[in-house]
Amino acid sequence: MISTLHKMGLRSSMMYAAGLASIGLAATSWFVSRNYEAAGRDRADRWGIFIGEWAPTFFGMGVALRMEEMRDMKRHEMSEWQETQQQAMRTPSRAGV
């Protein structure tokens, strides 16, 4: 699933930003619900907790995507290294000339 999200263009920085936004949104929803709804503090607490639970999920997905980015970067570096090694093997040496 994570590799599919990575291939779709989702990056770890986006998930980290979504986690931080979730924390801000949780605080904002709690404040707005508490001050502007007649439902009381209990409902405001539920809204804050509900939205606040998203943050760990976003941060966890950010870590998983970062690991996928690192794996992708390592594959790319390895293929470049192998290509360099193959070119070096094709080049005739001047040893003993």
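**Briefing: helix packing and salt bridges in a predicted chain**

The structure holds 3 salt bridges, a salt bridge being a side-chain nitrogen of Lys or Arg within 4 Å of a carboxyl oxygen of Asp or Glu. This is a predicted model, where local features need pLDDT of at least 70, side-chain atom pairs count only at pLDDT 80 or more, and totals for chains, interfaces and linings use all residues. Residues are numbered from 1 along each chain as its sequence is written, and side-chain values use heavy atoms, with hydrogens and water left out.

**Overall build**

- The chain has 4 helices and 0 strands. Both are DSSP runs numbered from the N terminus: helices are H or I with at least four residues, strands are E with at least two.
- Along the sequence, the pattern reads α-α-α-α.
- The radius of gyration of the chain is 25 Å, whereas a compact globule of 97 residues would have one near 13 Å. The radius is taken over C-alpha atoms, and the globule rule is 2.2 Å times the number of residues to the power 0.38.
- Taken along the principal axes, the C-alpha atoms fill a box of roughly 90 × 20 × 15 Å.
- Of the 97 residues, 18% count as buried. Buried means under 20% relative accessible area, exposed means over 50%, and partly exposed lies in between (1.4 Å probe, protein chains only).
- Among contacts between residues at least 6 apart in sequence, 74% join residues at least 24 apart. Contact means heavy atoms within 4.5 Å.

**Helix α2 against helix α4**

- Helix α2 (residues 12–36) packs with helix α4 (residues 54–90) at about 170 degrees, their axes 7 Å apart. Axes are lines fitted to C-alpha atoms, for helices over the stretch in contact, and angles run from 0 to 180 degrees between N-to-C directions.
- α2 and α4 are therefore roughly antiparallel. Angles over 145 degrees count as roughly antiparallel, under 35 as roughly parallel, 65 to 115 as roughly perpendicular and the rest as oblique.
- On the α2 side, the contact includes M15, Y16, L20 and I23. On the α4 side, the residues include W54, F58, F59 and L65.
- By class, this contact has 13 nonpolar, 4 polar and 2 charged residues. Ala, Val, Leu, Ile, Met, Phe, Trp, Tyr, Cys and Pro count as nonpolar, Asp, Glu, Lys and Arg as charged, and the others, Gly among them, as polar.

**Helix α2 against helix α3**

- α2 and helix α3 (residues 41–52) also pack at about 170 degrees, with axes 8 Å apart.
- This pair, too, is therefore roughly antiparallel.
- From α2, residues including L25, W30 and R34 take part, and from α3, residues including R41, D45 and W47.
- The class count is 6 nonpolar, 5 polar and 4 charged residues.

- Side chains of opposite charge can pair when their charged atoms come close.
- R66 and E69 form a salt bridge at 3.3 Å, N to O. They are 3 residues apart in helix α4, about one helical turn. R66 is partly exposed at 36% relative accessibility, while E69 is buried at 13%.
- E68 and R71 meet at 2.8 Å, N to O, in another salt bridge. E68 is buried at 9% relative accessibility, and R71 is partly exposed at 42%.
- D72 bridges to R75, with the closest N and O atoms 3.9 Å apart. D72 is partly exposed at 38%, and R75 is partly exposed at 48%.
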